Amino acid sequence: MWQYVAPDLPIGHYNVKVEASGFKVAEQKGVVLQVGDRVRLDYQMAMGGASETVTVEANAVRVQTDSGEVSNVITDQQVAQLAVNGRSIYSLLS
């Protein structure tokens with residue numbers, strides 16, 4: 001079993017393809033990375049071709065350069081877990 005780690009990848013959509021000598025190529029398309037994600041991809045390699053390659057491709061992420069604003073992606077699970085005891089849900093949205 002081999003493990004590869006690709007730290008500090010920027011957010012975005014990725015296509016991950018693995019190849020090894022004596023095995024068929026395996027690929028996962030549309031892997032999405034958000035802020036702070038740690039994604040594990042497991043592959044079942046079938047017997048086949050004779051080459052070895054690991055490829056990670058990404059599309060460029062657009063960055064706003066007009067201001068020094070810092071932003072973050074908030075998931076629906078994070079919003080659902082917010083404590084709003086005694087506060088209006090509408091004030092949370094603003």
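View 1. D42 counts as exposed at 53% relative accessibility (exposed means over 50% relative accessible area, buried under 20%, partly exposed in between; 1.4 Å probe, protein chains only). R40 is also exposed, at 61%. The two residues form a salt bridge, with the closest N and O atoms 2.9 Å apart (a side-chain nitrogen of Lys or Arg within 4 Å of a carboxyl oxygen of Asp or Glu). This is a predicted model: local features need pLDDT of at least 70, side-chain atom pairs count only at pLDDT 80 or more, and totals for chains, interfaces and linings use all residues. Residues are numbered from 1 along each chain as its sequence is written, and side-chain values use heavy atoms, leaving out hydrogens and water.

**View 2. The salt bridge of E19 and K17.** The closest N and O atoms lie 3.5 Å apart. E19 is buried, at 15% relative accessible area. K17 is partly exposed, at 30%. The salt-bridge count comes to two.

**View 3. The hairpin of β1 and β2.** Two residues sit between the strands. Strand β1 spans residues 12-23 and pairs with β2 in the antiparallel sense, over six bridges (pairing takes at least two DSSP bridges; strands are DSSP E runs of at least two residues, helices H or I runs of at least four, numbered from the N terminus). G12 has L33 in β2 as its bridge partner.

**View 4. Confidence along the chain.** Mean pLDDT is 78, and 79% of residues reach 70 or more (pLDDT is the predictor's confidence in each residue, from 0 to 100). Strand β2, residues 26-33, has the highest mean, 89. Helix α2, residues 89-93, has the lowest, 67.
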